[in-house]
Amino acid sequence: MKNKKIIIGIIITIFLIGVISYFILNKFLENKKENEISEYIPAEEITQVQLRQTVVSLYFKNKENSTLVPEARSIDVKELTKEPYSTLINLLIEGPKNEKLEKTIPEGTKLNKVEIKNNIVYIDLSKEFIENHKGGVEEESKTIYSIVNTLTQLNEVEAIKIIIDGEENKSFKDNNIKFTEAFVKKD
């Protein structure tokens, strides 16, 4: 009888050791899986279009405090390298995407021509640039510097010269800001 109790005790002990070993081994294998480095699979594949995008800053007027602020815009790299100046100016003409910002270029303004000579970008705009402008030195200055700040991000651009319908030396209607000289970025 005593032997039977010993044998039963040994069997129970072996069973308990087996069960405890099973749980310890199982926990060890779970931890090992968690610590393994697995291949990263993005939630969404990056498309060819996204690979060709770059971010530029376009300067618009903040509606709250009337300062010029940049708006980041993602555009196609090929478009920017093909016609960088006209691309950026046309984006300024279109206006901001952010509703807290407002466009600085007057409605109806069209880009006639743009070219760069000696690091100065010559921008030929339609007469609506002058005729449809609100006026006032502060507003006119914001319009000019939204263009200057946007284009001088490009390394080769040092200044901007504005031409209206092929004629140089024009000015806004109130003659406060004249287009006789090239405009450079203010620091």
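User: Is Asn118 buried or exposed?
Analyst: This is a predicted model, in which local features need pLDDT of at least 70 and side-chain atom pairs count only at pLDDT 80 or more, while totals for chains, interfaces and linings use all residues. Residues are numbered from 1 along each chain as its sequence is written, and side-chain values use heavy atoms, with hydrogens and water left out. Buried means under 20% relative accessible area, exposed means over 50%, and partly exposed is in between (1.4 Å probe, protein chains only). The relative accessible area of Asn118 is 74%, so Asn118 is exposed.

User: In what order do the strands run in the open sheet of four strands?
Analyst: Two strands pair if DSSP finds at least two bridges between them. The edge places need strands that pair on one side only, and these are E4 and strand E7 (183-184). With mixed pairing, the order is E4-E5-E6-E7.

User: Which residue in E6 is the bridge partner of Ile123?
Analyst: E5 and strand E6 (residues 159-164) run parallel and are joined by six bridges. The bridge partner of Ile123 in E6 is Ile162.

User: What is the phi of Asn169?
Analyst: Asn169 belongs to the loop between E6 and E7. Asn169 is a residue other than glycine, yet its phi is positive, near 60°.

User: In what order do the three strands of the other open sheet run?
Analyst: The edge strands here are E2 and E3, each pairing on one side only. Nine bridges join E1 to E2, and two bridges join E1 to E3. The pairing is antiparallel, and the order is E2-E1-E3.

User: Which residue in E2 is the bridge partner of Ser57?
Analyst: E1 and E2 run antiparallel, and Gln53 stands opposite Asp76 in E2. For Ser57, the bridge partner in E2 is Ala72.

User: Which residue takes a positive phi in the hairpin of E1 and E2?
Analyst: Five residues lie between the two strands of this hairpin. The positive phi, near 60°, belongs to Ser66.

User: How many of the eleven residues of helix H4 are buried?
Analyst: The buried residues include Pro84, Tyr85, Leu88 and Ile93. Contact means heavy atoms within 4.5 Å, and what covers these buried residues includes strand E1 (53-62), strand E2 (68-76) and helix H6 (137-151). Helix H4 (residues 84-94) is largely enclosed by the rest of the structure, because the buried count is nine.

User: At what angle does H4 run to E4?
Analyst: Axes are lines fitted to C-alpha atoms, for helices over the stretch in contact, and angles run from 0 to 180 degrees between N-to-C directions. H4 lies across E4 and E5. Its direction relative to E4 is about 140°.

User: Which residues does Lys97 touch, not counting residues up to four places away in sequence?
Analyst: Lys97 lies in the loop between H4 and strand E3 (101-102), and it is exposed, with a relative accessible area of 65%. The C-alpha atoms of Lys97 and Ala72 are separated by 9.6 Å, though the two are 25 residues apart along the chain. The residues that Lys97 touches are Glu71 and Arg73.

User: Which residues make the nonpolar surface patch of about 290 Å²?
Analyst: Patches are made of residues with over 30% relative accessible area and no salt bridge, joining like charges within 9 Å and nonpolar side chains (Val, Leu, Ile, Met, Phe, Trp, Tyr) within 5 Å; a salt bridge is a side-chain nitrogen of Lys or Arg within 4 Å of a carboxyl oxygen of Asp or Glu. Accessible areas come from the Shrake-Rupley method with a 1.4 Å probe, and for residues only the protein chains shown count as cover. One member lies in helix H1 (residues 2-35) and is partly exposed, with a relative accessible area of 47%. The patch is made by Ile6, Ile10 and Ile14.
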